[in-house]
Amino acid sequence: MIRKLGAYALAGLMATTAAWAEQVDITSDSFKCLNDMQKVRHFFVDNLLGDLEATLEVANSKKGGVYPPGSVVQLVPTEVMVKREKGWSPRTKDWEFFELDVSADGSLIKVRGTDQAVNKFGGNCLECHERARPQWDMICEQGHGCLPIPITRKQIAQIQAADPRCTPAEGD
């Protein structure tokens with residue numbers, strides 16, 4: 001009986017250790033200049049746990065997929081979503097949404113959570129992203145099922161280029 005209990009305790013400890021290994025630690029320092037991230041079509045990705053290859057595999061897939069924990073997806077400097085550890089929030093498919101204040105000094109988390117973040121147009125991030133078809137893991141792009149945002153791709157590119165966290169190119 002004691003051996004059996006010891007085996008269960010060891011199994012529980014191993015499961016807890018595995019869960020901690022995937023824990024995503026997020027601070028204001030987690031967010032950086034968009035140019036320091038990987039551009040995929042018109043948005044940027046990174047991975048806070050170092051698994052950028054897996055994040056890029058899903059972001060570049062024409063069929064969709066589930067992003068790995070630590071994935072960062074960002075369209076504009078002041079709004080970002082991060083894939084948390086499995087089971088963190090079933091409602092958001094484990095995504096956490098952030099509103100950021102950004103400046104030349106870096107990023108400051110203004111709002112974070114599952115349904116607290118609101119975009120610059122007054123729309124709740126979760127309410128829009130949950131409209132994405134299941135294969136897109138809550139990522140909104142044209143044709144994914146989300147409502148369109150009221151700015152053009154050209155305007156998005158201008159907002160991205162004006163990220164104050166980025167070092168200006170020489171001659172700017």
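Me: How many residues has the largest nonpolar core, and which have the most contacts inside it?
Reply: The largest nonpolar core has 16 residues. Those with the most contacts inside it are Phe43, Val45, Tyr67, Val73, Met81, Trp95 and Phe97. (A nonpolar core is a set of buried Ala, Val, Leu, Ile, Met, Phe, Trp, Tyr and Cys residues joined through side-chain atoms within 4.5 Å.) This is a predicted model, where local features need pLDDT of at least 70, side-chain atom pairs count only at pLDDT 80 or more, and totals for chains, interfaces and linings use all residues. Residues are numbered from 1 along each chain as its sequence is written, and side-chain values use heavy atoms, with hydrogens and water left out.

Me: Which elements supply at least two residues of this core?
Reply: Strand S2 (43-47), H2, S5 and H3 each do. H2 gives the most, with three residues. (Helices, H or I of at least four residues, and strands, E of at least two, are DSSP runs numbered from the N terminus.)

Me: What lies apart from that core?
Reply: Another core, of twelve residues, including Val24, Ile26, Phe31 and Met37.

Me: Back to tyrosine 67. What does it touch?
Reply: Leaving out residues up to four places away in sequence, tyrosine 67 touches Phe43, Thr55, Val58, Ala59, Val73, Lys83, Trp95, Asp137 and Ile139. (Contact means heavy atoms within 4.5 Å.)

Me: Is tyrosine 67 buried or exposed?
Reply: Tyrosine 67 has a relative accessible area of 4%, so it is buried. (Buried is under 20%, exposed over 50%, partly exposed in between, with a 1.4 Å probe and protein chains only.) Tryptophan 95 is buried too, at 0% relative accessibility.

Me: Ok, new topic. How many aromatic pairs does the structure hold?
Reply: The structure holds two aromatic pairs. In one of them, the ring centres of tyrosine 67 and tryptophan 95 are 5.5 Å apart and the planes are at 65°, so this pair is edge-to-face. (Rings of Phe, Tyr and Trp, with its six-membered ring, pair if their centres lie within 6.5 Å; planes under 30 degrees apart are stacked, over 60 edge-to-face, the rest tilted.)

Me: Why does that pair tie together parts 28 residues apart in sequence?
Reply: Because tyrosine 67 lies in the loop between H2 and S3, while tryptophan 95 lies in strand S5.

Me: And where is proline 69?
Reply: Proline 69 sits in the loop between helix H2 (52-60) and strand S3 (71-76). The relative accessible area of proline 69 is 22%, so this residue is partly exposed.

Me: How far is proline 69 from leucine 49?
Reply: Their C-alpha atoms are separated by 7.3 Å, and the two residues are 20 residues apart along the chain.
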